[in-house]
Every structure is written in C-alpha cells, then in structure tokens.
Amino acid sequence: MNQQQINRINELARKAKSPEGLTEAEKKEQAVLRRAYIDSVLGNLRSELDNTYLVDGTGQKQKLKKRDADKEDESHGEDKT
C-alpha cells in the first residue's frame, strides 16, 4: 500500500461524507482500496508477530506461537488464572 493509495482512500472518504456522495464506481473502488489497506496492515502485524520473542524469568527467549483458531473460539472469555 503506497501513499497515493492511502490519499485516494481519504479522498473518497471525504467525498462520501459530502452531499455529493460517491458514485457506484467510486464505492467499488473504495471497497477495493479499503480491503487492500486492511490486508496490508494485517500482513505487517503478522510479520511483526512472527519476529517477536518473549523472555522468561531466566532470560530464555521463546518465539510466539500461533494460536489455533478453533481453540481460541472455545476458550474465549474464560479466566485462565
């Protein structure tokens, strides 16, 4: 995602709020750009997390582990203390 695309997202957002609104083509363009932006942010976050380590009390580094989506759904909201 480059700055020109981000500027276009912002331009379309401002136009959507105006009395003129967006044309159907602009709405589609906005949806595509927003999806690309979200995918870019998620990709950057995954990359950061893939390179993140936790240090325990003894100084040992441990790489973060990916959560299993099914287990996460089952344990959502449970207190694990």
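Colleague: In what order do the elements of the protein chain run from the N terminus on?

Modeller: The secondary structure of the protein chain comes to three helices and two strands. Read from the N terminus on, these elements follow the order α-α-β-β-α.

Colleague: In which helix is confidence lowest?

Modeller: Across the protein chain the pLDDT averages 87, and 84% of the residues score at least 70. Confidence is highest in helix 1 (residues 3–17), at a mean of 96. Where pLDDT is low, the predicted coordinates should not be read in detail. That caution concerns the element with the lowest confidence, at a mean of 59, which is helix 3 (residues 69–75).

Colleague: Is Q30 buried or exposed?

Modeller: Q30 lies in helix 2, which spans residues 24–50. A residue counts as buried when its relative accessible area is under 20%. Because the relative accessible area of Q30 is 10%, Q30 is buried.

Colleague: Which residues is Q30 in contact with, leaving aside its neighbours within four places in sequence?

Modeller: Contact here requires heavy atoms within 4.5 Å. Once the neighbours within four places in sequence are set aside, the residues in contact with Q30 are L12, A13 and L22.

Colleague: What percentage of the accessible surface of the protein chain belongs to carbon and sulfur atoms?

Modeller: Buried residues make up 10% of the 81 residues in the protein chain. The accessible surface of the chain comes to about 7,300 Å², and the part belonging to carbon and sulfur atoms is 49%.

Technical notes:
Residues numbered from 1 in each chain as written. Predicted model: local features only at pLDDT ≥ 70, side-chain atom pairs only at ≥ 80, totals over all residues. Heavy atoms only, no water. Helix = DSSP H or I, 4+ residues; strand = E, 2+ residues; numbered from the N terminus. Buried < 20%, exposed > 50% of the residue type's maximum accessible area, 1.4 Å probe, protein only. Areas by Shrake-Rupley, 256 points an atom, 1.4 Å probe, with all protein chains shown as cover. pLDDT = per-residue confidence, 0-100.
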